[in-house]
Amino acid sequence: KLIKSGMPSVVLVTERFITLAKASMRGNGVPNAPMVVLPKTELTEYAEPDVVRNVANEAVELIIAQLRG
């Protein structure tokens with residue numbers, strides 16, 4: 001809803017759910033919405049804090065880049 005209303009937004013998804021996310025985006029009328037894909041292999045329930053921190057920092061940079069266009 002945010003994207004359709006014009007609110008700058010980015011879809012966050014893990015590699016495992018890219019196909020589902022794209023289908024959902026098409027179904028919601030925003031097939032070309034900006035998307036940031038998080039790595040599935042690095043983020044597990046047993047991930048070390050430094051790994052999570054690194055993935056988060058990279059994701060933030062990618063999100064900012066997508067929002068800037």
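A residue counts as exposed when its relative accessible area is over 50%, as buried when that area is under 20%, and as partly exposed in between. Keep that handy for the exercises below, and remember that this is a predicted model.

**Exercise 1.** Work out whether Asp-50 and Arg-53 are buried, partly exposed or exposed.

*Solution.* Start with Asp-50: its relative accessibility is 51%, so this residue counts as exposed. Now take Arg-53: its relative accessible area is 45%, so Arg-53 is partly exposed.

**Exercise 2.** Find out how the side chains of Asp-50 and Arg-53 meet, and where the two residues lie.

*Solution.* First, look at the side chains: they form a salt bridge, at 2.6 Å from N to O. The cut-off for such a pair is 4 Å. Next, locate the residues: both sit in helix α2, three residues apart, or about one turn of the helix. Finally, count: the model has one salt bridge by this rule.

**Exercise 3.** Track down the residues of the largest nonpolar core and the elements that supply them.

*Solution.* Step one is the list: Val-11, Val-13, Ala-21, Met-25, Val-30, Ala-33 and Met-35, seven residues in all. Step two is the elements: β1 (11–14) and α1 (18–27) each bring at least two residues to this core. Step three is to look elsewhere: another core lies apart from it, with five residues, including Val-36 and Leu-38.

**Exercise 4.** Say which helix has the lowest confidence and which the highest.

*Solution.* Begin with the whole protein: the mean pLDDT is 88, and 96% of residues reach 70 or more. Then go to the helices: α2 (residues 49–68) is lowest, at a mean of 91, while α1 is highest, at 95.

Technical notes: Residues are numbered from 1 along each chain as its sequence is written. This is a predicted model: local features need pLDDT of at least 70, side-chain atom pairs count only at pLDDT 80 or more; totals for chains, interfaces and linings use all residues. Side-chain values use heavy atoms; hydrogens and water are left out. A nonpolar core is a set of buried Ala, Val, Leu, Ile, Met, Phe, Trp, Tyr and Cys residues joined through side-chain atoms within 4.5 Å. Buried means under 20% relative accessible area, exposed over 50%, partly exposed in between (1.4 Å probe, protein chains only). Helices (H or I, at least four residues) and strands (E, at least two) are DSSP runs, numbered from the N terminus. pLDDT is the predictor's confidence in each residue, from 0 to 100.
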